[in-house]
Structure formats: C-alpha cells, structure tokens
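Please look over the sequence and the model below before reading on. The paragraphs that follow go from the whole chain to its sheets and then to single residues.

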Amino acid sequence: MRISLYRLAAFGAAFGFLLGAANAAAASQPSQKTTADVADRSQRSSHASVTSVAVVAVEFRFRLSKKSVHRGTVVFRVVNHGKVAHDFKIAGRKTPTIKPGKSAVLRVVFRKAGRYAYLCTIPGHAAAGMKGVLKVA
Ligand SMILES: [Cu+2]
C-alpha cells in the first residue's frame with residue numbers, strides 16, 4: 001500500500017497522488033482504532049481483576065461459587081445458611097462471626113498466585129469440614 005503510494009507520487013500524477021493520500025488516510029484510520037481498542041481492553045482487564053465469589057456456609061462445610069480466581073481483589077460474599085454461627089477466614093483476613101441467615105462481605109487482595117487455605121475459625125468447625133483451598137492464578 002505504502003510502496004504504491006510512493007510510486008504514484010514519484011510519477012507526479014496529481015490524480016494518483018490524491019488517490020494515494022486518500023488511501024493512506026483510510027489505511028491509517030483502522031490502525032489508530034486498533035491502538036485505542038487495545039488501550040481500552042487493557043484498562044478493562046485491570047478493572048476485571050475484581051472477582052466476586054459467593055460463599056455459602058452450612059454445618060459443616062463451605063460452598064464457593066469459584067474454585068480458582070485470578071490475582072487481584074476478590075470480594076467474598078459469605079452467607080450463613082446453617083443453624084449455628086460461622087465465619088470465613090482466608091489469607092489472614094476474616095469476616096465477623098455471622099449468625100444464621102446473615103451474611104458478610106470480605107474483601108481480600110491476592111498479590112501472589114498460589115493455593116490459599118480458608119476455614120471457619122469457630123472451634124471444631126474446620127476439623128468438622130469447614131475448610132478448603134482456593135486457587136489463585
Ligand atoms: Cu463454622
């Protein structure tokens with residue numbers, strides 16, 4: 001495209017030059033669009049690093065809506081569907097004690113990939129099964 005444009009210009013044909021210029025303008029526009037698109041997408045993906053995970057607590061286990069998440073901020077929405085109080089602890093962060101029928105939100109930033117153990121810290125609950133591992137990639 002560019003070579004033919006230069007060739008037309010070299011021939012000195014005004015018509016050819018105009019045609020070439022029009023072509024160049026048309027050719028440069030999609031590439032500008034692509035650059036903007038890429039910038040847009042990278043912005044969106046940094047926003048997309050906030051992941052929501054629904055956690056259901058019952059006696060005596062947790063059900064998570066996701067078994068693995070991407071690095072970044074993860075918002076755990078923990079609902080206690082059990083008959084006794086529970087909490088949810090992961091990566092050194094913990095919800096308050098959640099009464100039956102209540103819920104709590106725990107926001108955790110995972111900076112490193114790895115396997116993160118979670119558990120209920122009410123005595124005996126983790127041993128009874130309220131524990132697991134969340135994979136962070
Ligand atoms: Cu518990």
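Two residues are in contact if their C-beta atoms, placed from the backbone, lie within 7 Å. Counted in this way, and taking contacts between residues at least 6 apart in sequence, 43% in the protein chain join residues at least 24 apart. The model is a predicted one. The protein chain has 137 residues, and 18% of them count as buried. Its secondary structure consists of three helices and nine strands. In sequence order these follow the pattern α-α-β-β-β-β-β-β-β-β-α-β.

Strands of a sheet pair through backbone hydrogen bonds, in either a parallel or an antiparallel way.

Val 56 stands opposite Arg 63 of strand 2. The loop between strand 1 and strand 2 holds Phe 60. A cis peptide bond, with omega about -10 degrees, joins Glu 59 and Phe 60.

Another open sheet has five strands in the order 3-9-8-5-6, and its pairing is mixed. Here the edge strands are strand 3 (68–69) and strand 6, each pairing on one side only. Strand 5 pairs with strand 8 (residues 114–119) in the antiparallel sense, over two bridges. Ile 90 has Tyr 118, in strand 8, as its bridge partner.

The loop between strand 5 (89–90) and strand 6 (93–94) contains Ala 91. Phi of Ala 91 is near 50 degrees, a positive value in a residue other than glycine. Is Ala 91 buried or exposed, or does it count as partly exposed? A residue is buried if 20 or more other C-beta atoms lie within 10 Å of its own, and exposed if 12 or fewer do. Ala 91 counts as partly exposed because it has 18 C-beta neighbours inside 10 Å.

Most residues other than glycine have a negative phi, and most peptide bonds are trans. The positive phi belongs to Ala 91, and the cis bond is the one between Glu 59 and Phe 60.

How values were computed
Residues are numbered from 1 along each chain as its sequence is written. This is a predicted model: local features need pLDDT of at least 70, side-chain atom pairs count only at pLDDT 80 or more; totals for chains, interfaces and linings use all residues. Helices (H or I, at least four residues) and strands (E, at least two) are DSSP runs, numbered from the N terminus. Two strands pair if DSSP finds at least two bridges between them.
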